Amino acid sequence: MPDHAMTTAPTISRVAIIGGGPAGLMAAEVLSQGGVLVDVYDAMPSVGRKFLLAGKGGMNITHSEPYVDFVGRYGARQDAVAQWLAQFDAPAVRAWIHALGVDTFVGSSGRVFPTAMKAAPLLRAWLHRLREAGVQFHMRHRWLGWDGAALRFATPDGQRSVEADAVILALGGGSWARLGSDGAWVPLLQEKSVAVAPLQPSNCGFDTDWSAHFSERHAGEPLTTVAISWKDAQGVLQKRQGQFVVTATGVEGSLIYALSATLRDQIGAHGSTTIWLDLLPDLSAERVLDEVTRPRGARSMSSHLQSRLGIKGVKSGLLRECLTAAQFADTDSLASALKMLPLVLRRARPIDEAISSAGGVRFDAIDPASAMLRALPGVFVAGEMIDWEAPTGGYLLTACFASGRAAGRGALDWLLTGRGR
Ligand SMILES: Cc1cc2nc3c(=O)[nH]c(=O)nc-3n(C[C@H](O)[C@H](O)[C@H](O)COP(=O)(O)OP(=O)(O)OC[C@H]3O[C@@H](n4cnc5c(N)ncnc54)[C@H](O)[C@@H]3O)c2cc1C
């Protein structure tokens, strides 16, 4: 791996990094190690707000699976993301965290977490190291675009123009706007002829047509033993076991998030999509039919299903919600619905609720070797604002770190070779 700490750029070089999330901070690290003066600007009163939120539910920072599986999580963009990962992959992320004095462990799913399960100690140690390296932080600086060659910011003291030898944009995607990443940068880049794919929700929930009765009764209830079948992009039926939660308007949770890119695209193409729930994933269809058709005497079908198959609560409610009375009364239909209950999803939840966003600066607008925008020499991009997506599992943060490094190195090389002058 080339070490830019060995060859320093002239100290007069000054780089403005806009966006202090994981991608921007990683670019700051590379550039400050390269001897460049680094200024980080962020619209919020403090940096790393989404990173800290990601740490609240137990920060999943990367994944321990083999590289070929890991890179495959980036789907259609895996070749582009592989270029970033070539410089900073999952083991490198772990080594980097350890060097900040934070231990990690591998969970039973292969996901990697900081031992304390929090982001705050890691962010604190990282910011301390960056400040020691001379990185200057300018909070409450909202980037508004360019004023000639200068960057224009709204600050509490009015507008300010800033000149820099190179610029790194690490502005995040379009979800959780209250944490800073609001996607307001999209028209600013489009005005400069940078191609941007529309921002869309990723790792998101979906709306369905619950009746008021079902929604009031079951919103918030988890399905912990369940599998979902869905049709992939080629129309082939796939199946996956996991967990999800019924919401007031539909479904959300890890199993739904894992399928969200496909489901969102299918809704985009066809107006809705269908998934099929297996409410008894550990039992064969034959066994389920056998239990359903067993004599039940005077017992109602609902209590028969509860005693023979453990179907109660939200699972029982789903059968009532999704089947007609005639289907529920017919043992063959009922047995097949227990293994393959169709659920129509109408729309993805709004992007602001999503864990991440798809879309962003298109890869063909970026020079792959340097992460520099083809239309804007000296302006580099990093992180979730680029057009890739990945499921949860540490893949988002790993790619943000790695692309921040790629942009930092790209800017450093550009300055070192004098192209910035
Ligand atoms: C609830 C939740 C849980 C998550 N959990 C995980 C997880 O466990 N593992 C995982 O890998 N990922 C997780 N993620 C995703 C991960 O946090 C993001 O992918 C990551 O933070 C994106 O990094 P980034 O640096 O590209 O952008 P961001 O972290 O969004 O940072 C962008 C920064 O740019 C600033 N900014 C934006 N516009 C402007 C402007 N005009 N002027 C100045 N500043 C601006 C923002 O204030 C912000 O500080 C989670 C996300 C959420 C919402």
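A word on domains to start: the bounds I use come from an automatic or database domain assignment. That assignment gives domain 1, covering 14-201 + 358-416, and domain 2, covering 206-348. The centres of domain 1 and domain 2, taken over C-alpha atoms, are 39 Å apart.

Some ground rules. This is a predicted model, in which local features need pLDDT of at least 70 and side-chain atom pairs count only at pLDDT 80 or more, while totals for chains, interfaces and linings use all residues. Residues are numbered from 1 along each chain as its sequence is written, and side-chain values use heavy atoms, with hydrogens and water left out.

Now the ligand. A residue counts as near a molecule if one of its heavy atoms lies within 4 Å of it. There are 30 residues around the ligand, and those that come nearest are Asp42, Asn60, Trp143, Glu384 and Leu397. By class, the shell has 16 nonpolar, 10 polar and 4 charged residues. Here Ala, Val, Leu, Ile, Met, Phe, Trp, Tyr, Cys and Pro are nonpolar, Asp, Glu, Lys and Arg are charged, and the others, Gly among them, are polar.

Which elements each supply at least two residues of that shell? They are helix 1 (22-33), helix 2 (49-54), strand 7 (142-147) and helix 15 (395-416).

The side chain of Asp42 has an N or O atom 2.5 Å from a ligand oxygen. For Ala23, a backbone N or O atom lies 3.0 Å from an oxygen atom of the ligand. Trp143 places a polar backbone atom 2.8 Å from a ligand nitrogen. Taken alone, the ligand exposes 1,000 Å², and the protein buries 94% of that; the areas come from the Shrake-Rupley method with a 1.4 Å probe, and for residues only the protein chains shown count as cover.

Two strands pair if DSSP finds at least two bridges between them. Strand 7 and strand 8 (residues 150-155) are antiparallel over 5 bridges. They form a hairpin with 2 residues between them, and Gly148 in the turn has a positive phi of about 65°. The open sheet here has 3 strands in the order 7-8-9, with antiparallel pairing. Strand 7 and strand 9 (158-162) are the edges, each with a single partner strand, so one side of each has no neighbour in the sheet.

The other open sheet has 7 strands, antiparallel, in the order 17-16-13-14-15-12-18. Its edges are strand 17 (341-345) and strand 18 (347-348); each has a single partner strand, so one side of each lacks a neighbour in the sheet. Strand 13 (residues 222-231) and strand 14 (residues 237-246) share 8 bridges, and Pro222 stands opposite Val245 in strand 14. This pair is a hairpin with 5 residues between the strands, where Gly235 in the turn has a positive phi of about 85°. Strand 13 also joins strand 16 (residues 273-278) by 3 bridges, with Ala227 opposite Asp278.

How values were computed: A polar contact is a pair of N or O atoms within 3.5 Å; within protein, one must be able to donate a hydrogen and the other to accept it, and residues adjacent in sequence count only if both atoms are side-chain atoms. Helices (H or I, at least four residues) and strands (E, at least two) are DSSP runs, numbered from the N terminus.
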